[in-house]
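Reader: I would like to learn how to read strand pairing and charged side-chain contacts from a set of coordinates. Could you take me through both, with the general idea ahead of each case?

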Amino acid sequence: MNIVVCVKYVPDATGDRKFESDNTVDREGVDGLLSELDEYAVEQSLQLKEKLGSDGGDSEVTVLTIGPAGAVDAIRKALQMGADKGVHVQDDAIAGSDAFATSLVLAEAVKKLPHDLVVCGMASTDGGMGVVPAMLSERLGLPGATLGSSIELDGQTLKIRRDGDTATVTVEATLPAVLSVTDQSGEARYPSFKGIMAAKKKPVETWSLADLGVDAGQVGLEASYTAVEETQARPPRTAGEIVKDEDGSGAKALVDFLVSKKFV
Amino acid sequence: MPARRLMPTPEAADLLQLVRDVSAKELLPAAADAEATERFPRESFRTLGRMGLLGLPYPEKVGGGEQPYEVYLQVLEELGSVWASVGVGVSVHALSCFALFTAGTEEQRQRWLPEMLGGELLGAYCLSEPHAGSDPAAMRTRAERDGDGYVLTGAKAWTTHGGQADFYTVMARTGDERGAISCFLVPADAEGLSSDAPERKMGLTGSSTTTMRFDGVRVGVDRRIGAEGQGLRLALAALDSGRLGIAAVATGLAQAALDHAVAYAKDRETFGRRIIDHQGLAFVLADMEAAVQSARATYLAAARLRDRGLPFATEASVAKLVCTDNAMKVTTDAVQVLGGYGYTRDFPVERFMREAKVMQIFEGTNQIQRMVIGRALDKGTSARIEADPA
């Protein structure tokens, strides 16, 4: 069983996040890490591999990422958690790609890898569009079981539970398939120190667009359907409003506040 | 801000990042409550153990992480900066494995070390007695030879993890001469072994400290570590390394106090300015930063000697003295920076101050450290200029 898990290297949300002059995210001047939402995808991939055990033949989890040189850190973290090998698609022409262009590069990379199951997180923690898994399944011509909060694999049948606002549905797909998992699917493990040491020896390949047969004109900011027009820094936090209940008017003041902010 | 660190390898850097992550997500949220309610965080030690963090300074072939002290101590410092009781606990655990690793037979090591270092078992170290702390050779706990075993009788004071540990590394008298002391590895479920109620301490209240009672505890000869009479030497050698652990934890504690003080000083305003903009306050913070950085440099200097197999006992005493005295100073100053708020239990700095105090006392009081350093000066310290053998 070959599992390909797609992960993204994102700016550390606890640090200062910046944009380049073309309004794309500055990915080189800031500390980055494996997107936390993708850690769930890695976790589910590893759990599937562990459940298959030796009965599933030689299961292998390959981590796939697209990004600048530093993005290899995201691969390394996944390898430390227990994935087997990594593929890093790195090409300057990719910078500024939107979800559509990104899904093209991912799809072409997945095609070059043996894959029974392609696993993604539910969204990135920077762009946050959450559409890449669906686009990927379309481009690969594979069934897409997205937004799974619990995942089961029975032979060639993938079964997930998707919790919606109004209903919970069960989605089944036959492998090969694309799966995306939510942050409800189970906490991601910490790497162990042995995992850190073992990751040193795991192979990571670097591919360019040429390796994938993708024309540079199909990706990047110019080829993207969507682009960020403008960014504004978040306004500084204000002191807030203190409601005092000296004359019994406190409850009404609270209700008025909640109504004015459209909370009720 | 956590400390800036220069690690010797990429793996060590990843290890420190991992420790920071697990500290922020698992330890920090639980620390204040566990300390306030005096609850021993056994599960936290399991989490760290499963991640391979309880055996870092020991070789891989016996289940350790094979990391130099330079790296291991910085892990302890990071742990100490979020939860001193856990940092001290990890250091004590490493201390309790030292005798078996150093003097155990190959069979003993293979039998017990992998589990001890693998993280499932937690260790404790029994040296001090109610009347014999700084002078351990005055101990009275006896191990009488009885057929193919020994019978241990006596009491051991100030046992970190007492009543919680899975095994106890115990020094006991096997003869009447002052130095006739041997080392034993006693399992927690040994018949006749019991623990008093935990001491009601000023700080490190999440960590259990008890007197352990040995009422005719029988152990086989195979649980004696090293030769008869070797125990005190082993115990003191373990303490040289243990002192470095305490130095590192104290430095982490000081860093945490500094971080809180700086954050507060950047936020709190008096006379229309942030208090960090008042020079009188900024200089206090600057001295705290200098104290933390010099503490770190001091324990790392000792660690690097140890890692290269060079004598380091005096430097370990200097590190223990400097790091814990600095931690006392920095945590006290942090309370001062926070003013009245610092004195309340709504902010953690008063707890840090209480925790710092014991670090000047345990694993050799700072007066004992000065005695060790004074003796070394009397003998003549090394003036050798050496090339790094590494």
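This is a predicted model: local features need pLDDT of at least 70, side-chain atom pairs count only at pLDDT 80 or more; totals for chains, interfaces and linings use all residues.

Reader: In which order do the strands of the open sheet in chain A lie, and is the pairing parallel or antiparallel?

Author: In general, the strands of a sheet are held as pairs by backbone hydrogen bonds, in either a parallel or an antiparallel sense. Here, 3 strands of chain A form an open sheet in the order β8-β9-β10, and the pairing is antiparallel. The edges are taken by β8 (150–154) and β10 (168–174) of chain A, each of which has a single partner strand, so one side of each is left without a neighbour in the sheet. With direction ignored, neighbouring strands of this sheet are turned against each other by 20 degrees on average.

Reader: Over how many bridges do β8(A) and β9(A) pair, and which residue of β9(A) does E152(A) stand opposite?

Author: The antiparallel pairing of β8(A) with β9 (residues 157–163) of chain A runs over 5 bridges, and the residue opposite E152(A) is K159(A) in β9(A).

Reader: Turning to charges, how many salt bridges does a search of the whole structure find?

Author: As a general idea, side chains of opposite charge can pair when their charged atoms come close. The search finds 40 salt bridges over all chains. One of them joins the side chains of K8(A) and D126(A), at 3.1 Å from N to O. This pair links distant parts of the chain, 118 residues apart, since K8(A) lies in the loop between β1 (2–7) and β2 (9–11) of chain A, while D126(A) lies in the loop between β6 (117–121) and α4 (132–140) of chain A. K8(A) counts as partly exposed, at 26% relative accessibility.

Reader: By what part of a helix are E108(A) and K111(A) separated?

Author: They are 3 residues apart in helix α3 (residues 99–111) of chain A, and therefore separated by about one helical turn.

Reader: Which side chain does D196(B) meet in a salt bridge?

Author: D196(B) meets R213(B), at 2.8 Å from N to O. The two are 17 residues apart and link distant parts of the chain, with D196(B) in the loop between β6 (193–195) and β7 (209–220) of chain B and R213(B) in strand β7 of chain B. D196(B) is partly exposed at 28%, and R213(B) is partly exposed at 33% relative accessibility. Elsewhere, R5(B), R20(B), E77(B), E78(B) and R296(B) are joined into one network by salt bridges that share partners.

Notes. Residues are numbered from 1 along each chain as its sequence is written. Chains are lettered from A and ligands numbered from 1 in the order in which they are written. Side-chain values use heavy atoms; hydrogens and water are left out. Two strands pair if DSSP finds at least two bridges between them. Helices (H or I, at least four residues) and strands (E, at least two) are DSSP runs, numbered from the N terminus. Axes are lines fitted to C-alpha atoms, for helices over the stretch in contact, and angles run from 0 to 180 degrees between N-to-C directions. A salt bridge is a side-chain nitrogen of Lys or Arg within 4 Å of a carboxyl oxygen of Asp or Glu. Buried means under 20% relative accessible area, exposed over 50%, partly exposed in between (1.4 Å probe, protein chains only).
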